[in-house]
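Please keep the sequence beside you while you read.

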Protein chains: 2
Amino acid sequence: MSTVPHLTTALSGPLLDLERQILGAMPAVEHWLRTQWLEHATPFYASVDLRNSGFKIAPVDTNLFPGGFNNLNPEFHPLCVQAAMSAIEKICPEARGVLLIPENHTRNTFYLQNVATLQTILRQAGMNVRIGSLLPDLAGATELELATGAKLLLEPLRREKNRLKLADFDPCVVLLNNDLSGGVPAVLQNIEQAMLPPVFAGWTTRRKSRHFAAYSKVAKELAAVLGIDPWLIDPFFEKCGLINFKERRGEDCVAGYVAEILDDIRAKYREYGIKDDPFVIVKADAGTYGMGIMTVKSPEEVLDLNRNQRKKMAVIKEGLEVQEVMVQEGVYTFESVNDAAAEPVVYMIDHFVVGGFYRVHTERGKDQNLNAPGMQFVPLAFAAPSLPDPEHPGALPNRFYTYGVISRLALLAAAIELEEMQAEIEDAVPAS
Amino acid sequence: MSTVPHLTTALSGPLLDLERQILGAMPAVEHWLRTQWLEHATPFYASVDLRNSGFKIAPVDTNLFPGGFNNLNPEFHPLCVQAAMSAIEKICPEARGVLLIPENHTRNTFYLQNVATLQTILRQAGMNVRIGSLLPDLAGATELELATGAKLLLEPLRREKNRLKLADFDPCVVLLNNDLSGGVPAVLQNIEQAMLPPVFAGWTTRRKSRHFAAYSKVAKELAAVLGIDPWLIDPFFEKCGLINFKERRGEDCVAGYVAEILDDIRAKYREYGIKDDPFVIVKADAGTYGMGIMTVKSPEEVLDLNRNQRKKMAVIKEGLEVQEVMVQEGVYTFESVNDAAAEPVVYMIDHFVVGGFYRVHTERGKDQNLNAPGMQFVPLAFAAPSLPDPEHPGALPNRFYTYGVISRLALLAAAIELEEMQAEIEDAVPAS
């Protein structure tokens, strides 16, 4: 019963109320999503980190430069290829050559396997795919050997006027797999080729708070379709600017919102009879890799940060200083794999769910960020087929469906977020 | 290395030259196909029977009302669902309700399983799907139990003005899984809802010769992309009208074309040094289910048909008389499953290859029609993943890819065929 592949989740036991409601409303949900995709162009790809507390399921991070395609079960590859074909047909049907621009992590063999997997998927979708590196010191074409024995050829980027090229390769489309945390390099600015996702989707300009604002709107709409309280799929959040953790600037704003959101959660927990201890997550409004994130259970914790904690919160990827912070309702993760806290990560290409895995961390609690050194990835598998008809008694419902719905809702929010950014950019440029 | 799922074929041994050429030209082939899909709307679904003689691969039948979804490996269902979503989004994004109209074979449990599988796929794509029966004596909603234990609910069709309905169901779109061999029932004529495929795709009006004429054109174009002789993917054919096998009318036309095509094949076999014995297939130009088909190796065989053979050729499904005949180059099948002659059948939804199986017949030779009582179906499986990159040494090439290309070429021909028929219908109706 899903537009989403039927994957085995770690959850067992009877369906939760929220799952039941979402599964039961499936045709209405799919119809609503279809109408949304008519109005909003989806990003080329995305991954969404989810938290399922049992009573609540929500996205906690939506990544527009997903880096874990290598963690997907290889069985999902046909789905990835089909979805990539759909995306290419919509965005650039005439394209043959794709230039893939990865992160500069040449020693991170896991990340390199992600790049290799993406290259394979796009090749299987019928594209010529070559990899253009932003590494400033890449002398010439450089072959890297992966742990699997496969090889990855990095080639130096060239720019000719407003086109990105490789030595003997003039691609039609540029696929970014680099989140541009360090800024948009000059070589990528004002490129005439289609760039997927656009450079402004990078962390130089993207903000989590804008994403979650868009998410709140679409969550309300979907909640109306489902006839549920939007809070069940949407965490409270607020944003503080002008922060400087090192200089203890702006902490009052953060502590204030922590208090406010904790109060809001307490009220909701009372309403639903939930006995858990509310917590909030304080995180950098821009940035990824699980850096600049902390779990807080009282406003005092924010005011009492020690030197080390401040240092950790102050700097994110590529040494960027944190100046804006998001305070967000924490969602316990109810799922575990081998007794370790786990959260599902759902991968999408175009608007299709193409697979997922669990992020598992044996050293972290169910109220903590799991995207941290020491995390492991447990690929999901297709569930044993439950033919002929999952709507008939005896067939197992697709528990993964709910994750697919919430992930696509986050994807829709990202689509709207990028549209808004695009409109702002166009407004800022005087018409000539 | 494919846009086509990597399925295990029965073929083993080194790649054949033709396979190697098609696999090697993959990006160019996919680019060409993508541009074709921009120009031609694909039928909702199709299955294609292929014959692979080793030196030649060609479609022998393109079915626009495929009846074997139950024979696909259940592992392919996520691909079917994703492709069905793509099709629905393109054709009728606003649709929620689908009315599926099957054949009237209520005692063919295999066919009923096909209907149940289709219903499941469409439900998984988020649609409300109910089954409207053309059975004239269906008193009310009737539940049929399938061999799997699942149930199928057939409901009587209702017509209100120009809308097809069920008792409490007003569908947005009608999906035909009935090839209309017995004519277009009045209840299906001039329906205002979208009808997929259109009624004129049924065998009342469809002709194989028109399909293969369209196929020849696109095969020439693809052959140019591949730099190969189009004959390697396109069988010779001719058409005779005004046939009456019972009254021995029109046999001269058939015998004449048999002689001509055998000569043409002989010339090609000499050119390529092929030692096989040429043969042709004589078949009804309209119709399916493997009825009205014979293998012929000389023109005399056509003139010397005995009473029984005439009778067999004279009548096809639903007792229709054969009046038009196609004479087509026979293509040996080089493939076998457990020493029995086998031919691949490839299933597509929208323009995506979603799976396939082998049709196997232990009582038939490699120069005979295998679509006959006693045939069996052997589902294909996904090949063991050959990660990280099939383009790198050591990875198995996707042999199934070639079948996916030729099948999509036949699908493209069907798209063009339907466009031509649509244009003729529009020309025939005076503008009002």
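1. In which loop of chain A does Arg248(A) lie? Bearing in mind that the model is predicted, you will find Arg248(A) in the loop between strand 11 (237–240) and helix 6 (251–272) of chain A. Arg248(A) is not a glycine, and yet its phi is positive, at about 55°. With a relative accessible area of 47%, Arg248(A) is partly exposed.

2. Next come the cis peptide bonds. In chain A, such a bond joins Leu196(A) and Pro197(A), with omega about -20°, and Pro197(A) sits in the loop between strand 10 and helix 5 (208–226) of chain A. In chain B, the peptide bond from Leu196(B) to Pro197(B) is cis, with omega near -20°, and Pro197(B) lies in the loop between strand 10 (194–196) and helix 5 (208–226) of chain B.

3. Chain A holds an open sheet of six strands, in the order 5-6-4-3-9-10 and with mixed pairing. Strand 5 (142–145) and strand 10 (194–196) of chain A stand at the edges with a single partner strand each, so one side of each has no neighbour in the sheet. On average, neighbouring strands of this sheet are turned by 35° against each other, direction ignored. Within chain A, strand 3 (residues 97–102) pairs with strand 4 (residues 128–133) in the parallel sense over four bridges, and Val98(A) stands opposite Val129(A) in strand 4.

4. Trp37(A) belongs to helix 2 (residues 26–39) of chain A, and it counts as buried because its relative accessibility is 10%, where the cut-off for buried is under 20%. Among the residues that Trp37(A) touches are His351(A), Arg408(A) and, from the other chain, Glu89(B). Trp37(A) and Ala415(A) are 378 residues apart in sequence, while their C-alpha atoms are 9.2 Å apart in space.

5. Finally, consider how the chains meet: 53 residues of chain B are in contact with 53 residues of chain A. The area buried between them is about 4500 Å², of which carbon and sulfur atoms give 59%. Across this interface the rule finds zero salt bridges, whereas eight residue pairs are in polar contact. Helix 3 of chain B gives the most to the side of chain B that touches chain A, with ten residues.

Note on methods: Residues are numbered from 1 along each chain as its sequence is written. Chains are lettered from A and ligands numbered from 1 in the order in which they are written. This is a predicted model: local features need pLDDT of at least 70, side-chain atom pairs count only at pLDDT 80 or more; totals for chains, interfaces and linings use all residues. Side-chain values use heavy atoms; hydrogens and water are left out. Helices (H or I, at least four residues) and strands (E, at least two) are DSSP runs, numbered from the N terminus. Buried means under 20% relative accessible area, exposed over 50%, partly exposed in between (1.4 Å probe, protein chains only). Contact means heavy atoms within 4.5 Å. Two strands pair if DSSP finds at least two bridges between them. Axes are lines fitted to C-alpha atoms, for helices over the stretch in contact, and angles run from 0 to 180 degrees between N-to-C directions. Buried area is the accessible area (1.4 Å probe) that two parts lose on being put together, summed over both. A salt bridge is a side-chain nitrogen of Lys or Arg within 4 Å of a carboxyl oxygen of Asp or Glu. A polar contact is a pair of N or O atoms within 3.5 Å; within protein, one must be able to donate a hydrogen and the other to accept it, and residues adjacent in sequence count only if both atoms are side-chain atoms. Lists of a residue's contacts leave out its neighbours within four places in sequence.
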